[in-house]
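Thank you all for making time this morning.

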Amino acid sequence: LGPEEGNRQLRRHWETWVTQDIIKQLAESEAVNSLRLPVGDFMYQPYGPYVGCTDGALDYVDTLLDWADSYGLSVLIDVHTAKDSQNGFDNSGQSLGFQWTSGLNKYPRDLTTFQHWPIREANWIGDFDPVALEYTSVNRANIEHSLRVIETIVEMYSGHPAVLGIEPVNEPWELTPLHLLKRFYWDAYLIVKRKAHYWKFIIHDSFRFTPETWGGFMKGCPDRALDTHIYQAWLDPASRLSFYNNACAQKRQIALMEREFGPVVVGEWSLATDNCAMWLNGFNDNLSGFPRSPCKYIPCSESYLNGDDYQQPGTPLEVGKGLQGPYGTGISGPAYGLCPVDRDWYTPRYNEGEDGMMWITSPPE
């Protein structure tokens, strides 16, 4: 889109996605006392294609913090992106590891295709060798960039009463060298504690939620906690009892980690038990082998960006068109005006008891 149109679209998103009414409802529900706010590193230290695209983003951060404070909510600032991607996911700012494959798909249809998941990379902390599955170098410049972002955030918000603390990087993938990641966490912690003495410092487990990885790390340091993310959507399809048993196992693991490390925060979680949600694994793409069960389709919703004086390009969707390209290695997207969503829980008539397997052939309702 370029910086001008990209910024115009983002501003429309910011104005409608989170509003004061939403913050008010969360506070008045009495079920929420704290918010986790994902921010991009490029908002604080602009670089590359993002320059100009996110102009004005910090004004909205200020507004949200003020709303939270006025309704008695605290805010954890979560640095959700890292330069050159810490995990290769789109939510890191870049779906890293990408290749157009259209030349291989001229027959039987001349399709525009790409692949991402089979060649995913994460080069924030260094150059990754996808064959050897290891890093061949360390990118000190990227690490220093992330530390400057943290320093900027601390300088901007250390005096704001709503800020609970900071998470210096979200979901660094499981192949990140631990000695480098732990060194980064130490450096970031010292930056935070020099100026924001009472902030909480939340570190992500790097998809390695084990005592062997984090037991005793930063022992004795105040205000630290370990963040883990629990998603059952990537499990194999199973009965209700299986998902319940998995939740109980997660509870036991959390209790173990609280003994071995200290406080644990479940910073992200979901009740979803399948991968059917549209574009969950990327735009017009899907993780290989997913979704693992048939999905439910419903009429696609109106765009939340539409207004009385504005119609989002491409909406409403044409009900006469099937799935549109470009096409990734998996399928996820609108077709004939229908969008994939999570399956409903299987009704009792499709189960032979809690362990029944009839749900395998039951239709998504």
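What you see here is a predicted model, and I will start with its second largest pocket, which has a volume of about 360 Å³. There are 14 residues lining this pocket, and those closest to its centre are Ser34, Leu76, Leu164, Val265 and Val266. If you look at which strands contribute, you will find that strand S1 (34-39), strand S8 (200-204), strand S9 (224-230) and strand S10 (264-269) each supply at least two residues of the lining. Sorted by class, the lining consists of eight nonpolar, two polar and four charged residues.

Let me turn now to the largest nonpolar core, which has 62 residues, and in which Ile150, Ile153, Tyr157, Trp199 and Trp214 are the residues with the most contacts inside it. The element that gives the most to this core is helix H5, residues 178-195, with eight residues.

Which residues does Trp214 contact, once its neighbours within four places in sequence are set aside? Among them are Leu178, Leu181, Lys182 and Tyr185, and the list also includes Ile203, His204, Asp205, Leu226, Met257 and Phe261.

Finally, Pro211 is placed in helix H6, which covers residues 211-214. Not counting residues up to four places away in sequence, Pro211 touches Gln253, Leu256, Met257 and Glu260. For a sense of distance, the C-alpha atoms of Pro211 and Asn91, which are 120 residues apart along the chain, are separated by 27 Å.

Notes:
Residues numbered from 1 in each chain as written. Predicted model: local features only at pLDDT ≥ 70, side-chain atom pairs only at ≥ 80, totals over all residues. Heavy atoms only, no water. 1 Å grid on protein atoms, 1.4 Å probe; cavity = no way out; pocket = protein on both sides within 12 Å on 5 of 7 lines; lining within 4 Å. Points joined across faces, edges and corners; volume = space filled by probe spheres on them. Helix = DSSP H or I, 4+ residues; strand = E, 2+ residues; numbered from the N terminus. Nonpolar A, V, L, I, M, F, W, Y, C, P; charged D, E, K, R; others polar. Core = buried A, V, L, I, M, F, W, Y, C linked by side-chain atoms within 4.5 Å. Buried < 20%, exposed > 50% of the residue type's maximum accessible area, 1.4 Å probe, protein only. Contact = heavy atoms within 4.5 Å.
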